[in-house]
Amino acid sequence: MMYRNSYVPDKMKMGVIVTLYKGGGKRKDDPKSYRAITLSSCLLKLYERCLLESLQNKLHDYIHPLQGGFRKHMGCNMTSFLLRECIAHCNEKGSVLYACFLDAKQAFDRVWHDGLFYKLLQLGVPLSLLSNVIAMHNSMSSCVLYKGFYSDWFAVLQGTRQGLYGPHSYISAL
């Protein structure tokens with residue numbers, strides 16, 4: 001019913017942000033030593049999984065086959081292996097290899113929702129699927145849990161919730 005009506009109850013879109021210490025000897029009194037993770041409804045995660053399957057089926061042609069992120073069986077180890085193989089091949093053939101690495105700082109925190117929806121529309125995502133992705137992003141709210149205390153709830157107007165590997169992160173990678 002949620003999919004058919006492009007409706008996600010606001011209660012399901014409420015997330016609690018917790019922080020996890022990154023470790024590695026980082027200073028515990030430095031806020032940059034922590035990663036924010038949003039805990040969300042189990043029902044929303046199931047719904048996201050359904051949408052993710054639909055999105056992956058529709059958009060797999062738009063992700064370059066050598067992209068390591070947001071693809072099944074393409075983690076860091078496989079990406080590193082492919083890079084080493086490209087280097088070895090170019091060395092063997094005596095050719096030059098150009099590589100570009102991009103790490104956009106806090107990229108998922110800055111995702112512009114309307115731009116994301118527009119990009120999905122341009123890619124040809126069916127309107128029924130797109131309207132469900134939009135419904136998931138409208139009226140999102142979060143609070144922060146710190147030392148057993150909850151902050152006030154606030155609207156999430158940009159970015160994607162981190163800690164999920166659902167449509168939020170997947171479509172942001174496009």
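**Entry 1: getting my bearings**

Helices (H or I, at least four residues) and strands (E, at least two) are DSSP runs, numbered from the N terminus. With that in hand, I read along the sequence and found the pattern α-β-β-α-α-α-α-β-β-β-α. The secondary structure comes to six helices and five strands.

A note to myself on the source: this is a predicted model, where local features need pLDDT of at least 70 and side-chain atom pairs count only at pLDDT 80 or more, while totals for chains, interfaces and linings use all residues. Residues are numbered from 1 along each chain as its sequence is written, and side-chain values use heavy atoms, with hydrogens and water left out.

Next I looked up burial, where buried means under 20% relative accessible area, exposed over 50%, and partly exposed in between (1.4 Å probe, protein chains only). Of the 174 residues of the chain, 31% count as buried.

Then I turned to contacts, meaning heavy atoms within 4.5 Å. Among contacts with a separation of 6 or more, 61% are between residues 24 or more positions apart.

**Entry 2: two helices side by side**

Two packed helices are described by the angle between their axes and the distance between the axes. I looked up helix H4 (residues 113-122) and helix H5 (residues 127-137): their axes come within 10 Å and cross at roughly 170°. Here the axes are lines fitted to C-alpha atoms, for helices over the stretch in contact, and angles run from 0 to 180 degrees between N-to-C directions.

That crossing makes H4 roughly antiparallel to H5. The cut-offs I used: angles under 35 degrees count as roughly parallel, over 145 as roughly antiparallel, 65 to 115 as roughly perpendicular and the rest as oblique.

Which residues make the contact? From H4 I noted His113, Leu116, Phe117, Leu120 and Leu121, and from H5 Leu127, Leu130, Val133, Ile134 and His137. I sorted the residues of this contact into eight nonpolar, two polar and no charged. For that sorting, Ala, Val, Leu, Ile, Met, Phe, Trp, Tyr, Cys and Pro count as nonpolar, Asp, Glu, Lys and Arg as charged, and the others, Gly among them, as polar.

I also checked burial in each helix. In H4, the buried residues are His113, Gly115, Leu116, Phe117 and Leu120. In H5, they are Leu129, Leu130, Asn132, Val133, Ala135, Met136 and His137.

**Entry 3: a closer look at His113**

His113 sits in helix H4. Is His113 buried or exposed? It counts as buried, at 7% relative accessibility. Leaving out residues up to four places away in sequence, I found that His113 touches His137, Met140, Val156, Leu157, Gln158 and Gly159.

Leu157 is exposed, with a relative accessible area of 70%.

**Entry 4: the tyrosines**

A pair of aromatic rings is described by the distance of the centres and the angle of the planes. I found one aromatic pair in the structure. The rings of Tyr21 and Tyr34 have centres 5.6 Å apart and planes at 55°, so I wrote the pair down as tilted. The rule is that rings of Phe, Tyr and Trp (its six-membered ring) pair if their centres lie within 6.5 Å; planes under 30 degrees apart count as stacked, over 60 as edge-to-face and the rest as tilted.

Tyr21 belongs to strand S1 (residues 14-21) and Tyr34 to strand S2 (residues 34-39), 13 residues apart. Tyr21 is partly exposed at 31% relative accessibility, and Tyr34 is partly exposed with 27%.

Lys28 lies over the face of Tyr21, at 5.0 Å from the ring centre. A charge sits over a ring if NZ of Lys or CZ of Arg is within 6 Å of the ring centre and within 35 degrees of the ring normal.

Last, I looked up positive phi values. Ser139, in the loop between H5 and strand S3 (141-146), has a phi near 60°, a positive value in a residue other than glycine. Ser139 is partly exposed, at 48% relative accessibility.

Just after H4, Gly124 takes a positive phi of about 90°. Gly124 is 65 residues from Leu59 in sequence and 8.7 Å away in space, C-alpha to C-alpha. Leu59 is in helix H2 (residues 42-59) and is buried, with a relative accessible area of 1%.
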